[in-house]
Amino acid sequence: MNITEGVYSLDCAGYGHVFYLEDEQALIDTGLPNKGNRILQELSCLGIKPEDIRRILLTHHDVDHAGNVRFLEEKTGAEVFIGKEDLPYLMNQAARPGIKKYLQKFLHVVPPKYCKPLEAPGNSVAIQMYHTPGHTPGHHVFLYGGVLFAGDLFRIEGTHIKKIPSRMNWNGELLANSISLLKKIPFTLVCPSHGNPMTREKLLPLIEQLWGNQS
Ligand SMILES: [Zn+2]
């Protein structure tokens, strides 16, 4: 699906979205495990070759976002970036907290060979990054061309936003604080990892309804 010019949401990744920013040669997230070939096939239908992809940016370490990171790193030669607080979990240097420990065992995400913190040299300067801790310690959202890639701050179902179940969040208080800061980010359209895009005008009042008394 074409979000805006040169910004694609790949439909093949199953549960969570994978986005591709053509001018930045950047993938955002990589979907559930074992979808790597399908991701490359869908990119190929858009005229994008594996070697066109220069960077893979992960919103956070969860298995449905990092599932094909190693496969895509190897096939594309891209550099991988993630928020520094999520690096130990992605690289299996620390056990994912709570239920996520078992998801990792069950779904078996292979860590990338190399991964840099998002602030490292080599990352895109056109994509603005915001540290939004709460769902995970190193969760980030990305802003590019007015489109905000919001990761797992919330889901969008139809015309509603839904909270991520609290057992899936690392720190609910920090998450509410991160969400309250969204109004300061100059986006016009938000793309969550789960659900459809929504305009700023529709999103901000819904956020106020759900989290307003906490912010
Ligand atoms: Zn998540």
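Two strands pair if DSSP finds at least two bridges between them, and strands are DSSP runs of E with at least two residues, numbered from the N terminus, as are helices, which are runs of H or I with at least four residues. On these terms, 5 strands form an open sheet in the order β8-β9-β10-β13-β14, with mixed pairing. The model is predicted: local features need pLDDT of at least 70, side-chain atom pairs count only at pLDDT 80 or more, and totals for chains, interfaces and linings use all residues. Residues are numbered from 1 along each chain as its sequence is written.

**The open sheet**

- The edge strands of this sheet are β8 (128-131) and β14 (198-199), each of which pairs on one side only.
- Strands β8 and β9 run antiparallel and are joined by 4 bridges; His131 has His140 in β9 as its bridge partner.
- Strand β9 (residues 140-144) also runs antiparallel to β10, with 3 bridges between them.
- Two of the bridge pairs between these strands are known by residue: Tyr144 is partnered by Val147 in β10, and Leu143 by Leu148 in β10.
- On its other pairing, β10 runs parallel to β13 (residues 189-192) through 4 bridges, and Phe149 has Cys191 in β13 as its bridge partner.
- Strands of a sheet pair through backbone hydrogen bonds, either parallel or antiparallel.

- A residue is buried if 20 or more other C-beta atoms lie within 10 Å of its own, exposed if 12 or fewer, and partly exposed in between, with C-beta atoms placed from the backbone.
- Because 4 of its 5 residues are buried, β9 is largely enclosed by the rest of the structure.
- Strand β10 (residues 147-151) is likewise mostly covered, with 4 of its 5 residues buried.
- Gly145 lies in the loop between β9 and β10; in this hairpin, which has 2 residues between the strands, Gly145 takes a positive phi near 55°.
- Gly145 counts as partly exposed because it has 17 C-beta neighbours inside 10 Å.
- Leaving aside neighbours within four places in sequence, Gly145 is in contact (C-beta atoms, placed from the backbone, within 7 Å) with Thr4 and Val7.

**The nonpolar core**

- A nonpolar core is a set of buried Ala, Val, Leu, Ile, Met, Phe, Trp, Tyr and Cys residues joined through C-beta atoms within 7 Å.
- The largest such core has 51 residues, of which Phe19, Leu27, Ile28, Ile56, Leu57, Ile82 and Phe149 touch the most other members.
- Strand β3 (residues 18-21) gives the most to this core, with 4 residues.
- Not counting residues up to four places away in sequence, Leu57 touches Ala26, Ile28, Phe81, Leu118 and Phe142.
- In soluble globular proteins, nonpolar side chains tend to be buried together.

**Helix α1**

- Gly36, Ile39, Leu40 and Leu43 are buried in α1.
- These residues cover an arc of only 95° around the axis, taken over the directions from the helix axis to the C-beta atoms, and therefore lie on the same side of α1.
- Asn37, Gln41 and Cys45 are exposed on the other side of α1.
- The buried residues of α1 pack against β2 (7-10), β3 and α3.
- Just after α1, Gly47 takes a positive phi of about 85°.
- Gly47 is 98 residues from Gly145 in sequence and 21 Å from Gly145 in space, C-alpha to C-alpha.

- Val69, Leu72, Glu73 and Thr76 are buried in α3 (residues 69-76).
- Seen down the axis of α3, its buried residues fall within an arc of 105°, so they line one face of the helix.
- Elements covering the buried residues of α3 include β4 (26-28), α1 (36-45), β5 (55-58), α2 (63-66) and β6 (79-82).
- The axes of α1 and α3 come within 9 Å and cross at roughly 50°; axes are lines fitted to C-alpha atoms, for helices over the stretch in contact, and angles run from 0 to 180 degrees between N-to-C directions.
- That angle makes α1 oblique to α3, since angles under 35 degrees count as roughly parallel, over 145 as roughly antiparallel, 65 to 115 as roughly perpendicular and the rest as oblique.
- At this meeting of helices, Gly36, Ile39 and Leu40 in α1 meet Phe71, Leu72 and Lys75 in α3.
- Gly77, with a positive phi near 75°, follows α3.

Terms used. Two residues are in contact if their C-beta atoms, placed from the backbone, lie within 7 Å.
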